[in-house]
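Please look over the structure shown here before reading on.

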Protein chains: 2
Amino acid sequence: MTSEPSTIAGSDAQLRTLAEELLAERELIIASNRGPVEFTIGADGTLSAQRGSGGVVTALSAVSRFVELTWIAAAMTDGDRRVAAEAGTERVKAPTTDDRLYLRFVVTPRNVYQRYYNVFCNPLLWFLQHYMWNTPRTPNISRAIYEAWEGGYVPVNRAFAEAVLQEAAGQQAPPYVMVHDYHLYLVPGEVRRQLPEAIIQHFTHIPWPDPRYWELLPRFMRHAIYTNLVAADVIGLQTMRDVRNFLHCCEAFIEGAEVDYRRSTVWYDGHLTHVKHYPISIDAQGLTALAASEEVQRYEEALAPLFEGRTIVRVDRSEPSKNILRGFRAYELLLQRYPEFHGQVTFLAFIVPSRTEINLYQTYTDEIFELVDEINDEYGTADWQPIHLFFENNYEQAIAAMRHYDVLLVNAVIDGMNLVAKEGALVNTRNGVLVLSEAAGAFEQLGEYALPVAPADIEGTVRALHAALIMPEADRRRRAQALRRRVSQEDITTWLETQFRDLLTLA
Amino acid sequence: MTSEPSTIAGSDAQLRTLAEELLAERELIIASNRGPVEFTIGADGTLSAQRGSGGVVTALSAVSRFVELTWIAAAMTDGDRRVAAEAGTERVKAPTTDDRLYLRFVVTPRNVYQRYYNVFCNPLLWFLQHYMWNTPRTPNISRAIYEAWEGGYVPVNRAFAEAVLQEAAGQQAPPYVMVHDYHLYLVPGEVRRQLPEAIIQHFTHIPWPDPRYWELLPRFMRHAIYTNLVAADVIGLQTMRDVRNFLHCCEAFIEGAEVDYRRSTVWYDGHLTHVKHYPISIDAQGLTALAASEEVQRYEEALAPLFEGRTIVRVDRSEPSKNILRGFRAYELLLQRYPEFHGQVTFLAFIVPSRTEINLYQTYTDEIFELVDEINDEYGTADWQPIHLFFENNYEQAIAAMRHYDVLLVNAVIDGMNLVAKEGALVNTRNGVLVLSEAAGAFEQLGEYALPVAPADIEGTVRALHAALIMPEADRRRRAQALRRRVSQEDITTWLETQFRDLLTLA
């Protein structure tokens with residue numbers, strides 16, 4: 001195996017010590033829209049529990065390996081609602097092997113949640129923070145969006161804050177509260193007003209744009225978002241870029257805020273906020289185990305014929321910010337310019353269906369299929385299909401494929417972090433080359449050993465793919481080893497450790 | 001009249017003194033793509049000269065009222081080329097009443113200039129710096145754009161630098177060189193390498209985005225742009241927002257640069273660059289005289305019937321970043337919600353045709369016409385047409401209209417400065433209310449007395465228009481007076497004065 005267990009284990013032990021120190025006097029509450037467990041009601045009326053999905057949950061699930069905590073999340077299913085009703089004002093023990101994880105569901109009326117999630121968070125904030133608007137035409141902030149704010153985002157955030165307060169009410173000392181992502185920007189302020197001594201952190205998993213882009217939103221929304229966020233003690237973001245933009249936004253949007261760019265702090269309303277970057281990562285230990293599992297091995301065997309020649313692999317949700325179309329266009333130009341690659345290089349794309357109920361996503365997916373057909377029709381032969389498109393949510397299969405790529409293409413238009421780049425670096429066994437967008441958060445850590453591409457730069461992407469395919473073995477090995485080392489060393493335990501360490505200094 | 005001549009005159013005198021001091025030891029060279037004079041060859045073969053057009057030229061033309069200078073510009077016409085050929089390596093006296101203005105044309109092959117101007121500068125950089133890309137789909141940086149860089153932008157910038165060096169060769173001391181706008185980002189570096197003692201300033205008239213948006217461009221282009229820019233002694237931008245973004249970009253893109261956010265400087269390659277904001281403004285004296293001219297009066301008389309009721313006015317190029325469609329949609333909603341305005345409020349839109357050869361601009365203009373027809377069909381009556389659209393380049397007519405608006409709508413998606421807001425504030429005689437986009441550069445100076453709108457916020461724009469239309473007279477007067485005072489005090493002479501003052505401290 002390629003990981004370096006000694007490093008991981010060392011970090012693990014450190015983290016456990018730190019966690020004990022952290023929880024000696026205060027308890028830990030995590031709040032995120034999606035929780036670590038989801039309940040469903042079977043046909044016979046009995047409850048069953050599933051592990052929650054999504055990036056945030058996957059990253060945070062490692063926390064309960066180290067500390068006891070209460071996790072507050074939105075009730076998403078009828079099962080969740082039943083659990084919440086039965087629990088009353090109590091938290092419930094999570095039905096997992098992990099006996100240190102407790103749950104508390106936030107229940108809001110369905111139409112309130114719908115406005116919060118499907119009108120405000122996902123179309124508006126997600127697009128905004130990924131610079132995905134066609135600004136002269138979209139978005140159009142209508143009365144419906146005002147209503148989604150007033151009757152969705154605000155009340156759901158208040159309900160989350162209420163749940164934090166209920167949980168804290170039973171505790172000896174004010175808790176640590178770790179609030180996650182763009183769904184819950186108002187929670188730090190709402191909690192602070194009731195619980196001045198709480199130690200509050202907010203972490204945003206997606207990119208943070210500069211003031212000019214945030215200015216597409218109405219001023220009163222921005223004002224509420226920023227003043228409630230800086231009520232936290234620590235604002236966590238993925239990269240230095242995000243930290244700078246956040247500080248700049250505070251300076252631009254919060255009247256009376258004092259921003260210190262050198263110390264990376266915001267002073268507002270008698271309170272100091274530290275703005276820091278904590279690049280999220282993968283659970284190296286867990287992924288290493290998974291990559292060696294029988295299930296992954298079975299997929300490796302099934303995929304083996306496709307990996308006989310050289311391969312370019314990509315793994316992404318079907319999401320416009322992932323830049324899948326430009327990636328295929330670059331490959332098309334590669335085939336056009338270098339006939340010697342015909343029959344020799346195959347592109348394997350593992351695309352996970354995403355947000356299929358949103359038109360823009362459906363159109364994007366349709367265009368992907370069309371472009372793939374076009375390229376296969378133009379260049380394919382009886383013996384060789386230039387692109388194989390796997391359109392399904394199958395993590396084990398993707399991991400199996402990543403063990404064998406020669407080139408991994410991650411050319412996101414913009415991305416908070418991009419964990420695929422890190423997963424690939426860890427599990428690949430062929431000294432594969434990483435072609436990496438400079439606008440993916442992962443670039444700050446991995447860029448040095450990757451071939452960089454600017455996301456809009458199709459010409460540059462063609463050149464990078466070509467360079468990756470003809471790279472001498474020694475260079476490939478040097479880069480692949482360095483990438484693997486870095487991902488192993490700075491894995492999810494590092495991410496947690498640095499955050500815990502910072503929280504401890506505030507206690 | 002509404003201006004305050006005492007302030008302006010005082011500033012004028014100060015500026016003259018400053019200019020004399022400035023030019024005591026060094027001469028002044030301005031370089032911009034478009035020059036202050038354009039030559040055409042008549043049917044009989046004789047040359048005639050016209051005043052150049054465009055915002056940069058208009059702003060800079062005031063400079064030669066105060067100082068002698070040589071202005072270097074691209075030869076655009078056959079007339080310019082003939083003048084350049086006849087002048088050889090000499091500058092030529094501008095054929096204007098102003099005897100302190102000299103010209104020097106930069107001649108490059110037509111296909112080189114075409115790549116520079118129509119492929120690189122206007123589609124790519126303009127769109128980039130106005131955040132106008134639909135990032136998952138555009139731009140697509142192709143080989144043609146690489147060629148436009150290597151065979152267009154770079155050689156034209158070098159030719160400009162060469163012209164600066166030729167001009168400086170005849171001077172006693174290294175000159176002041178003021179380089180203007182996004183066409184000429186490489187000139188400071190090219191000049192610095194040959195003329196280390198020159199005092200170089202670069203001023204960008206359009207917005208400066210943050211690193212994430214710049215990252216759409218290939219790394220080698222960014223690197224060339226930023227390292228050549230910071231070879232200047234002073235980087236001038238319109239607003240504090242732009243200054244912060246510029247500093248952030250230097251930190252992100254120039255390896256080895258030391259950025260000091262507090263002092264607003266960049267230290268790179270043994271050289272210190274000051275990054276400052278100089279909000280550009282209008283020539284208050286000149287505009288005041290124009291507004292009182294007979295020609296403007298004639299337009300006022302012609303337009304008088306349209307100004308009998310209350311009016312909303314806008315004046316803009318037909319340009320997607322000006323946000324004309326959302327403005328009309330907001331007005332449509334206003335009429336839908338407030339039937340009492342029917343027949344009482346008229347929208348007069350003075351739209352100047354722009355870049356009609358670019359598809360995207362043509363489509364945008366077509367949509368404007370369609371939307372105007374739709375609204376007029378829906379709400380118009382025999383006695384009242386809700387929107388009057390004037391589609392022509394007629395500055396005097398626009399000034400005449402701005403003397404009489406009740407509401408001036410400036411809702412740009414994003415704008416370097418937006419001088420319409422300042423012109424309106426100065427010439428309006430009805431205590432008209434300014435509804436102003438927070439993402440227009442002018443907002444930093446005028447926002448306090450305007451009604452702010454977020455550009456994408458149609459609902460907020462409806463509310464702002466309504467608030468403006470029902471605002472009590474005392475409030476209107478207070479705001480209008482404050483706006484007028486500010487524009488009179490911080491006019492173009494202030495803009496020049498602060499720049500000259502900063503250059504003097506470097507001499």
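The questions and answers below concern a predicted model.

Q: What is the area buried between chain B and chain A?
A: The size of an interface is often given as the accessible area lost when the parts come together. Here the contact takes 60 residues from chain B and 60 residues from chain A. Carbon and sulfur atoms give 46% of the buried area, and the area itself is about 4900 Å².

Q: Which residues in chain B lose the most area to chain A?
A: The residues in question together account for 16% of what the chain B side buries. They are Pro136(B), Arg212(B) and Arg241(B).

Q: How many salt bridges does the rule find across the interface of chain B and chain A?
A: A salt bridge is counted when a side-chain nitrogen of Lys or Arg lies within 4 Å of a carboxyl oxygen of Asp or Glu. Glu438(B) and Arg219(A) form a salt bridge, with their closest N and O atoms 3.1 Å apart. Across the interface of chain B and chain A, the number found is 12.

Q: Why are α10(B) and α15(B) described as oblique to each other?
A: Helix α10 (residues 284-291) and helix α15 (residues 419-427) of chain B have axes 10 Å apart and pack at an angle of about 60 degrees. Angles from 65 to 115 degrees count as roughly perpendicular and those under 35 as roughly parallel, while angles over 145 are roughly antiparallel and the rest are oblique. The angle of about 60 degrees therefore makes the two helices oblique.

Q: Which residues of α15(B) make the contact with α10(B)?
A: From α10(B), the contact is made by Ala284(B), Leu287(B), Thr288(B) and Ala291(B). By class, the contact has five nonpolar, one polar and one charged residues. The residues on the α15(B) side are Glu423(B), Leu426(B) and Val427(B).

Q: What is the handedness of the crossing of α12(B) and α17(B)?
A: Helix α12 (residues 324-337) and helix α17 (residues 458-469) of chain B cross at roughly 60 degrees, and their axes come within 8 Å. Residues of this contact include Leu333(B) of α12(B) and Leu465(B) of α17(B). The contact residues divide into eight nonpolar, two polar and four charged. The crossing is right-handed.

Q: Where is Pro139(A) found?
A: The peptide bond from Thr138(A) to Pro139(A) is cis, with omega near -5 degrees. Tyr131(A), which has a positive phi of about 50 degrees although it is not a glycine, is placed in the loop between α4 and α5 of chain A. Pro139(A) is found in the loop between α4 (110-129) and α5 (143-169) of chain A.

Technical notes. Residues are numbered from 1 along each chain as its sequence is written. Chains are lettered from A and ligands numbered from 1 in the order in which they are written. This is a predicted model: local features need pLDDT of at least 70, side-chain atom pairs count only at pLDDT 80 or more; totals for chains, interfaces and linings use all residues. Side-chain values use heavy atoms; hydrogens and water are left out. Axes are lines fitted to C-alpha atoms, for helices over the stretch in contact, and angles run from 0 to 180 degrees between N-to-C directions. Helices (H or I, at least four residues) and strands (E, at least two) are DSSP runs, numbered from the N terminus. Contact means heavy atoms within 4.5 Å. Ala, Val, Leu, Ile, Met, Phe, Trp, Tyr, Cys and Pro count as nonpolar, Asp, Glu, Lys and Arg as charged, and the others, Gly among them, as polar. Buried area is the accessible area (1.4 Å probe) that two parts lose on being put together, summed over both. A crossing is left-handed if the near helix is turned anticlockwise from the far one by less than a right angle, and right-handed if clockwise.
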